[in-house]
Amino acid sequence: MNQLVARSVIRGLITASNCSRHMSSSPAVAAATTILRRFDEAAVVRDQGLGFGYGGGARWGRMMSTAVEAAAETPGQKASGAVDEKKEKEKKEGGELMVSSYWGISRPKITREDGTAWPWNCFMPWQTYQADLSIDLSKHHVPKTFLDKVAYRTVKLLRIPTDIFFQRRYGCRAMMLETVAAVPGMVGGMLLHLRSLRKFEHSGGWVKALLEEAENERMHLMTMAELVKPKWYERLLVLTVQGVFFNAFFVLYVLSPKLAHRIVGYLEEEAIHSYTEYLKDIDSGAIENVPAPAIAIDYWRLPKDATLKDVITVIRADEAHHRDVNHFASVSAIAYFSCL
Ligand SMILES: [Fe+2]
Ligand SMILES: [Fe+2]
């Protein structure tokens, strides 16, 4: 996405440079430039009003204007010199430099609502997530059809080794399971994306919904990884499980997306159960209710004094949402899901 943004900015720079070259000779053009600048400043003010938005499009716009001015003054070396100066300034300020860039275009500075620097590269303020805490946690899809029963039994069977391996170590358990939970959304989203391309058909919004689910699950993992440091053998287990699960789920989704979504629906029901047990252990004092990781506070927009209990509560609500989405996908939206 950063590359896409960078490319569009470069395109803008090239266009703007050409424009400024043509425009600089005419007074009318000078007036137009002023108007453009005013528009740019207005955009900055507007986005400042929106809080999180500042630093997004407006910031890019402002950077583009600055670059164009520099290019117009002294084409060539001066422009790159200005970029180098900016980099040096950022270094001195201890700011984070963009790892990769096109011709020195660096990442815009993004801030929180309170004006402090946005520290995350993996998600932006406009990608934060609002958990629905009013969601019904006790809903259960009673297996009726043959496929439902297969899905239900499969999940119950998979739970046995998980219970034996982790027992009540819910931190480890959650972290390891999230490495698996983020796979189905990506596989389903990818296959439906390809289907949409292949058949020249709309996806009914499912590609986006499933990819968002995968991203949300990955953020669960990023949060849990702050709380629990995986040991070497757990990392090895993740490698093995991911290799097996990704391929198995891929094949299953191609053969029967209905069954695949039903299995995920039941997996999410199990996840709700696991997180409920986790919360019980926090309440009983068996697990310390430590402060919430910073990444979780920003991602779910939790209060600054949020604790582990708050984090597990929102994660559990997310799982309930995934449960509903996947059971719904299995029952209602089958028209979009045939991969063949
Ligand atoms: Fe999750
Ligand atoms: Fe989930």
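In which sense of crossing, right-handed or left-handed, does H5 pass H9? The crossing of H5 with H9 is right-handed, a term used when the near helix is turned clockwise from the far one by less than a right angle, left-handed being the term when the turn is anticlockwise.

## The model and its overall fold

This is a predicted model, in which local features need pLDDT of at least 70 and side-chain atom pairs count only at pLDDT 80 or more, while totals for chains, interfaces and linings use all residues. Residues are numbered from 1 along each chain as its sequence is written, and chains are lettered from A and ligands numbered from 1 in the order in which they are written.

The chain contains 11 helices and zero strands, where helices (H or I, at least four residues) and strands (E, at least two) are DSSP runs numbered from the N terminus. Of its 340 residues, 25% count as buried; a residue is buried if 20 or more other C-beta atoms lie within 10 Å of its own, exposed if 12 or fewer, and partly exposed in between, with C-beta atoms placed from the backbone. Two residues are in contact if their C-beta atoms, placed in that way, lie within 7 Å, and among contacts between residues at least 6 apart in sequence, 72% join residues at least 24 apart.

## Annotated transmembrane regions

An unreviewed UniProt entry places the feature "transmembrane region" at residues 175-194 and 236-255; such positions are given in the numbering used here, feature names are shortened, and annotations may be inferred rather than shown by experiment. In the model, residues 175-194 are 100% helix and 0% strand, with the end C-alpha atoms 30 Å apart. Residues 236-255 are likewise 100% helix and 0% strand, and the end C-alpha atoms of this span lie 29 Å apart.

## H6 against H8

Two packed helices are described by the angle between their axes and the distance between the axes. Axes here are lines fitted to C-alpha atoms, for helices over the stretch in contact, and angles run from 0 to 180 degrees between N-to-C directions. H6 and helix H8 (residues 232-255) pack at about 30°, with their axes 9 Å apart, which makes H6 roughly parallel to H8; angles under 35 degrees count as roughly parallel, over 145 as roughly antiparallel, 65 to 115 as roughly perpendicular and the rest as oblique.

H6 passes H8 in a right-handed crossing. The residues of this contact include Met 176, Val 180, Val 183 and Val 187 of H6 and Leu 237, Val 241, Phe 245 and Phe 249 of H8. By class, the contact of H6 with H8 divides into 16 nonpolar, three polar and one charged, where Ala, Val, Leu, Ile, Met, Phe, Trp, Tyr, Cys and Pro count as nonpolar, Asp, Glu, Lys and Arg as charged, and the others, Gly among them, as polar.

## H5 against H9

The axes of H5 and helix H9 (residues 257-284) come within 9 Å and cross at roughly 45°, which makes H5 oblique to H9. Among the residues that meet are Asp 148, Tyr 152 and Arg 159 in H5 and Lys 258, Arg 262 and Glu 270 in H9. The contact of H5 with H9 has nine nonpolar, one polar and five charged residues.

Helix H7 (residues 206-227) and helix H11 (residues 308-331) pack at an angle of about 155°, with their axes 11 Å apart, which makes H7 roughly antiparallel to H11. The crossing of H7 and H11 is left-handed, and the residues of their contact divide into six nonpolar, four polar and two charged.

Leu 210 is found in helix H7 and is buried, with 27 other C-beta atoms within 10 Å. Apart from its neighbours within four places in sequence, Leu 210 is in contact with Gly 185, Gly 188, Gly 189 and Leu 192. Leu 210 and His 322 are 112 residues apart in sequence and 9.3 Å apart in space, C-alpha to C-alpha.

## Residues in the loops

Trp 126 has its place in the loop between helix H4 (77-92) and helix H5 (146-166), and this residue is exposed, with 10 other C-beta atoms within 10 Å. Trp 126 and Tyr 299 are 173 residues apart in sequence and 9.7 Å apart in space, C-alpha to C-alpha.

Phe 200, in the loop between helix H6 (170-199) and H7, has a phi near 55°, a positive value in a residue other than glycine. Phe 200 is exposed, with 6 other C-beta atoms within 10 Å. Arg 301, found in the loop between helix H10 (294-299) and H11, also has a phi near 55°, and Arg 301 is partly exposed, with 17 other C-beta atoms within 10 Å.
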